[in-house]
Amino acid sequence: FSKIDFVIGGSLGLSKQIKQRADLKISFGRITLPHQLARVVLLEQIYRAFMINEGSPYHK
């Protein structure tokens, strides 16, 4: 059993303590997105990765 948690920071980023607790950090780049849009982008990227991994032509 494994667990993955995603933490989306605010426009000022995340505290040093939160960053230090992370096993892995990923970024959308140097852009600032509203929280709701960031969640949708993250979900779409996870879905896309699963579809590519499954061999689906989704990414074409």
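I looked up Lys3 first, and at 64% relative accessibility it counts as exposed, because the cut-off for exposed is over 50%. This is a predicted model, by the way. Next I checked Asp5: it is exposed too, with a relative accessible area of 58%. The side chains of Lys3 and Asp5 meet in a salt bridge, 3.9 Å from N to O. I then asked how many salt bridges the structure holds. It holds one.

**Helix α2.** Helix α2 covers residues 35-54, which is 20 residues, and at 1.5 Å a residue it should span 28 Å. Its end C-alpha atoms sit 29 Å apart, which agrees. Which residues of α2 are buried? I found Ala38, Leu42 and Met51. Just after α2 comes Gly55, and I noted its positive phi of about 90°.

**The largest pocket.** The largest pocket holds about 1200 Å³. I found 31 residues lining it, and Val7, Ile8, Gly9, Leu14 and Ile26 lie nearest its centre. Which helix gives the most to this lining? It's α2, with four residues. Helix α1 (16-21) also turns up there, as α1 and α2 each supply at least two residues of the lining. Last, I sorted the lining of the largest pocket by class: 15 residues are nonpolar, nine are polar and seven are charged.

Key: Residues are numbered from 1 along each chain as its sequence is written. This is a predicted model: local features need pLDDT of at least 70, side-chain atom pairs count only at pLDDT 80 or more; totals for chains, interfaces and linings use all residues. Side-chain values use heavy atoms; hydrogens and water are left out. A salt bridge is a side-chain nitrogen of Lys or Arg within 4 Å of a carboxyl oxygen of Asp or Glu. Buried means under 20% relative accessible area, exposed over 50%, partly exposed in between (1.4 Å probe, protein chains only). The expected span of a helix is 1.5 Å times one less than its number of residues. On a 1 Å grid over the protein atoms alone, a cavity is a set of points where a 1.4 Å probe fits but cannot get out, and a pocket is an open set with protein on both sides within 12 Å along at least five of seven lines; lining residues have an atom within 4 Å of a point. Grid points are joined across faces, edges and corners, and a volume is the space filled by probe spheres set on the points. Ala, Val, Leu, Ile, Met, Phe, Trp, Tyr, Cys and Pro count as nonpolar, Asp, Glu, Lys and Arg as charged, and the others, Gly among them, as polar.
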